[in-house]
Amino acid sequence: MSEITKLSYCIETQDLTKKYPVIKGYGGLFTHLFRKKEIAALQNVSIRIKRGELFGLLGSNGAGKTTLIKILCTLVLPTSGTAWMNGLDVTKDQKKIRKLIGYVVGDERSFYWRLTGRQNLTFFAKLNNVPRHDAQARIESLLSFMELQYDADRMFKDYSTGMKQKLAIARGLLTEPEIIFMDEPTNGMDPVSAQKFRKLIKEKLVKTEKKTVIFATHNLHEAEELCDRIAIIHKGEVKTAGLIGEIKREFHSGKGYVIELKGPVTGFLEKIPYITSARKVTIIPDNSFSDTTQIEVEIKDGDNDIFPIVKEIADLGGKICSFYEKEISLGELFSMVIGRK
Amino acid sequence: MALFIEKPLAFVWKDLINEVSYKFAFFMQVCGILVTTVTFFYLSKLLGEVGTSYLKPYGGDYFSFVLIGVAFFNYLKVSMDSLSASIREGQMVGTLEALLVTQTEIPTIILSSSLYSFIFASFKVAVYLILGAFFFGVDMGNANIMGAFLILLLTIVSFSSIGIISASFVMVLKKGNPVNWLFTNVSGILGGLYYPVSVLPKWLQKLSAMLPVTYSLEGMRLALLKGSSLNALLPNIAALTAFSAVMLPLSVLIFGYAVRRAKIDGTLTQY
């Protein structure tokens with residue numbers, strides 16, 4: 001890897017592939033020696049993540065997000081390809097890499113349930129070589145950072161899901177790591193706690209602490225709210241990666257607008273098929289009691305201007321209150337990306 | 001405190017808090033020791049003078065013989081079970097993954113995870129010996145403490161090497177660990193736990209001579225009940241040393257291979 005790449009990117013993978021052996025029963029252990037049956041969990045994954053970035057790994061369950069994170073966290077060895085973190089090879093520099101990372105896993109079973117939150121953190125601090133004189137102060141500061149200071153001496157088993165996830169983040173930050181991996185950390189959290197949790201990641205970890213966060217999720221809303229850049233993974237392949245806006249533009253070239261029309265438009269609706277300057281016009285169903293009607297128009301390929309359509313609607317008797325460009329949701333984008341061959 | 005001892009102690013501290021939180025379990029374990037001791041005490045009364053010739057090398061008393069056997073067989077069970085059980089429990093409960101991403105090497109994690117079990121086994125052995133000596137008349141007045149300690153040390157090392165191999169199977173196969181089953185059962189039958197090896201037919205005695213538990217229990221009985229000197233214990237010490245010298249490096253190699261295999265298969269934390 002070049003020095004420039006080493007400096008520019010915090011994480012870089014090149015054609016990373018992971019195939020898991022398919023072994024059934026004890027007989028399979030023997031036959032596998034001669035006839036290997038494998039299933040690909042990751043295929044030629046190449047991504048680059050910058051320092052201080054909040055990067056989303058987006059994919060449905062079983063897409064390969066966890067496998068990618070586990071390779072980067074040195075828990076799984078890749079079948080082929082390479083991955084570097086701060087210029088360190090994940091297959092060769094495992095010890096050094098574990099000093100760089102914090103791993104926040106959504107699985108609440110990764111704690112000792114009959115130990116208190118503070119005792120759990122103390123135990124993991126020791127295993128992470130946090131010096132004894134620093135450990136207590138750091139644990140106190142993390143408990144307070146995660147707003148757990150008043151529950152620190154309760155057994156973990158008595159924590160709510162949100163508190164368990166907060167403790168998982170506190171554990172991930174014990175070593176003050178440069179890079180934090182979060183694998184579906186909001187799983188099982190109620191919407192309010194999840195919202196608070198996301199705010200905490202964005203405001204405190206990324207903006208204040210300048211950490212690099214890799215956030216794996218299948219929740220599109222979450223990815224859209226949190227991440228600067230994303231990679232959409234489907235069946236082990238990175239389908240696309242980049243800024244959310246750029247990906248939207250790449251996959252959704254046709255521009256759409258929402259136009260709001262005033263008052264009862266019964267007479268106008270019959271005239272819609274005669275709007276020739278638009279590629280497609282759709283009435284947006286409205287269950288509210290407002291006195292406006294919304295229609296969605298798609299402009300024709302090559303056109304960039306909404307005004308001919310606006311003029312045509314006005315000429316046909318439509319009273320326009322407002323119009324704005326319709327933005328494609330990440331959910332729609334996700335369907336488009338994974339649907340593209 | 002040096003880091004190499006701080007981490008194992010952290011595991012002991014964590015396991016102790018966990019165990020103490022189950023208050024009744026500890027009490028039941030001590031009751032279990034008492035029940036076993038009383039059972040064998042009256043069983044030995046029933047046997048009386050039967051088999052004295054076989055027991056003569058160990059002082060002639062069946063209760064003393066079996067008490068040492070049952071007490072120190074705990075170490076074999078802990079060595080065989082605790083290493084693999086700590087991996088299995090971590091896989092099942094879900095803590096193994098969190099441990100493996102820390103800055104602690106896998107061998108330290110596995111060995112430290114079983115340390116509490118060894119300490120508790122030592123506590124159980126102490127309870128057996130105290131009960132035997134103070135309440136059931138087991139005579140250990142001439143015990144060679146130094147010799148017993150040496151035998152104990154070699155016992156733990158040699159048993160642990162089998163435990164590490166057993167843990168390697170769990171790492172890869174998760175369940176159905178053949179090493180554990182085979183060694184614990186064969187050692188129980190042939191190792192001289194409940195009866196002296198000399199009662200077995202010659203061909204079984206030859207098999208028995210291949211097991212470290214045979215030398216461990218015999219050495220321990222000779223040291224504690226007869227007060228045998230280090231010279232007299234030399235055959236047992238030599239056998240256990242040889243076994244450890246071969247099996248310990250081998251077990252470390254096998255364990256290293258198992259970890260790599262599990263990382264390749266992606267099954268390190270699966271169960």
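How much area do chain A and chain B bury between them, and what percentage of it lies on carbon and sulfur atoms?

## The contact between the chains

In this predicted model, chain A and chain B bury about 3400 Å² between them, with 58% of that area on carbon and sulfur atoms. The contact draws on 35 residues from chain A and 36 residues from chain B. Between the two chains there are three salt bridges, one of which joins the side chains of B:Glu6 and A:Arg132 at 3.9 Å, N to O. Residue pairs in polar contact between chain A and chain B, counted where both residues are at pLDDT 80 or more, come to 13.

On the side of chain A that touches chain B, the elements that give two or more residues are strand 1 (9-21), helix 2 (25-31), helix 4 (94-100), strand 7 (101-105) and helix 5 (117-127) of chain A. Helix 5 of chain A gives the most, with six residues. By residue class, this side of chain A divides into 17 nonpolar, eight polar and 10 charged residues.

## The six-stranded sheet of chain A

Strand 7 of chain A, which gives two or more residues to the side touching chain B, also belongs to an open sheet of six strands in chain A, whose order is 7-8-9-4-10-11 and whose pairing is mixed. The edge strands, each pairing on one side only, are strand 7 and strand 11 (237-243) of chain A, and the twist from one strand to the next averages 15°.

Within this sheet, strand 7 of chain A pairs with strand 8 (residues 179-183) of chain A in the parallel sense over five bridges, and A:Tyr103 has A:Phe181, in strand 8 of chain A, as its bridge partner.

## Helices on the sheet

Helix 3 (residues 65-72) of chain A lies across strand 4 (54-58), strand 7, strand 8, strand 9 (212-217) and strand 10 (229-234) of chain A, and runs at about 150° to strand 8 of chain A. Helix 13 (residues 330-339) of chain A also packs on the sheet, where it touches strand 4, strand 10 and strand 11 of chain A, its direction making about 45° with that of strand 10 of chain A.

## Antiparallel pairing around strand 14

Strand 14 (residues 292-299) of chain A runs antiparallel to strand 12 (residues 256-262) of chain A, to which seven bridges join it, and antiparallel to strand 13 (residues 278-284) of chain A, to which six bridges join it. A:Glu298 in strand 14 of chain A is the bridge partner of A:Gly256, and A:Lys280 likewise stands opposite A:Glu298.

Definitions and conventions: Residues are numbered from 1 along each chain as its sequence is written. Chains are lettered from A and ligands numbered from 1 in the order in which they are written. This is a predicted model: local features need pLDDT of at least 70, side-chain atom pairs count only at pLDDT 80 or more; totals for chains, interfaces and linings use all residues. Side-chain values use heavy atoms; hydrogens and water are left out. Contact means heavy atoms within 4.5 Å. Buried area is the accessible area (1.4 Å probe) that two parts lose on being put together, summed over both. A salt bridge is a side-chain nitrogen of Lys or Arg within 4 Å of a carboxyl oxygen of Asp or Glu. A polar contact is a pair of N or O atoms within 3.5 Å; within protein, one must be able to donate a hydrogen and the other to accept it, and residues adjacent in sequence count only if both atoms are side-chain atoms. Helices (H or I, at least four residues) and strands (E, at least two) are DSSP runs, numbered from the N terminus. Ala, Val, Leu, Ile, Met, Phe, Trp, Tyr, Cys and Pro count as nonpolar, Asp, Glu, Lys and Arg as charged, and the others, Gly among them, as polar. Two strands pair if DSSP finds at least two bridges between them. Axes are lines fitted to C-alpha atoms, for helices over the stretch in contact, and angles run from 0 to 180 degrees between N-to-C directions.
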